[in-house]
Amino acid sequence: MALTAPTRTTPAARRRDADGMAVASFVLGLIGLLLFNAVFGPCAIILGTLAIARQTERRGRALLGLTLGFIDVIVLVVLVTLDNTVFWQFG
């Protein structure tokens, strides 16, 4: 059994990861408005929170993803309350 040393990430690599999380949070929050808001909403909230905690340079995008994630969850709660379903459609 081989033991490996733990890898150390540089601050630049951590910031790059946080920037990616901010963008992913925004994209998942946006997609969650139309599809699978029960899954994409919480993922957007988690990724947005992690990106802000890791001091992303794309703070605005992380906050927007966080907001969209909360809207996804609110839409889900409204749909479950009104229609007893998690699906919605136009018309």
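1. In the contact between helices H1 and H3, Ala22, Val23, Ser25, Phe26, Leu28, Gly29, Leu30 and Gly32 of H1 meet Arg61, Ala62, Leu64, Gly65, Leu66, Leu68, Gly69 and Asp72 of H3, where contact means heavy atoms within 4.5 Å. By class these residues divide into nine nonpolar, five polar and two charged; Ala, Val, Leu, Ile, Met, Phe, Trp, Tyr, Cys and Pro count as nonpolar, Asp, Glu, Lys and Arg as charged, and the others, Gly among them, as polar.

2. The model is a predicted one, in which local features need pLDDT of at least 70 and side-chain atom pairs count only at pLDDT 80 or more, while totals for chains, interfaces and linings use all residues. Residues are numbered from 1 along each chain as its sequence is written, and side-chain values use heavy atoms, with hydrogens and water left out.

3. As to geometry, H1 and helix H3 (residues 59–83) pack at an angle of about 30°, with their axes 7 Å apart. Helices (H or I, at least four residues) are DSSP runs, numbered from the N terminus, and the axes are lines fitted to C-alpha atoms, for helices over the stretch in contact, with angles running from 0 to 180 degrees between N-to-C directions. H1 and H3 are therefore roughly parallel to each other, a term for angles under 35 degrees, as roughly antiparallel is for those over 145. The crossing of H1 and H3 is left-handed, in the sense that the near helix is turned anticlockwise from the far one by less than a right angle.

4. Helix H2 (residues 37–53) also packs on H3, at an angle of about 150° and with the axes 8 Å apart, so H2 and H3 are roughly antiparallel to each other. H2 passes H3 in a left-handed crossing, and the contact of H2 with H3 has 15 nonpolar, six polar and two charged residues. Among the H2 residues that meet H3 are Phe40, Pro42, Ile45 and Ile52, and the H3 residues that they and others in H2 meet include Leu66, Phe70, Val73 and Leu79.

5. A search of the whole structure finds one aromatic pair. The rings of Phe36 and Phe40 have their centres 6.1 Å apart and their planes at 80°, so the pair is edge-to-face; rings pair if their centres lie within 6.5 Å, and planes over 60 degrees apart count as edge-to-face. Phe36, at 57% relative accessibility, counts as exposed, whereas Phe40, at 21%, counts as partly exposed (exposed is over 50% relative accessible area, buried under 20% and partly exposed in between, with a 1.4 Å probe and protein chains only).

6. Two loop residues deserve a look at their backbone. Phe36, found in the loop between H1 and H2, has a positive phi of about 45° although it is not a glycine. Gln55, which lies in the loop between H2 and H3, has a positive phi of about 60° and is not a glycine either; at 55% relative accessibility, Gln55 counts as exposed.

7. Two C-alpha separations complete the note. Val27, placed in helix H1 (residues 11–32) and partly exposed at 38% relative accessibility, is 34 residues from Arg61 in sequence and 9.5 Å from Arg61 in space, C-alpha to C-alpha. Cys43, in helix H2, is partly exposed with a relative accessible area of 33%, and its C-alpha atom is separated by 9.4 Å from that of Gly32, eleven residues away along the chain.

Terms used: Rings of Phe, Tyr and Trp (its six-membered ring) pair if their centres lie within 6.5 Å; planes under 30 degrees apart count as stacked, over 60 as edge-to-face and the rest as tilted. Angles under 35 degrees count as roughly parallel, over 145 as roughly antiparallel, 65 to 115 as roughly perpendicular and the rest as oblique.
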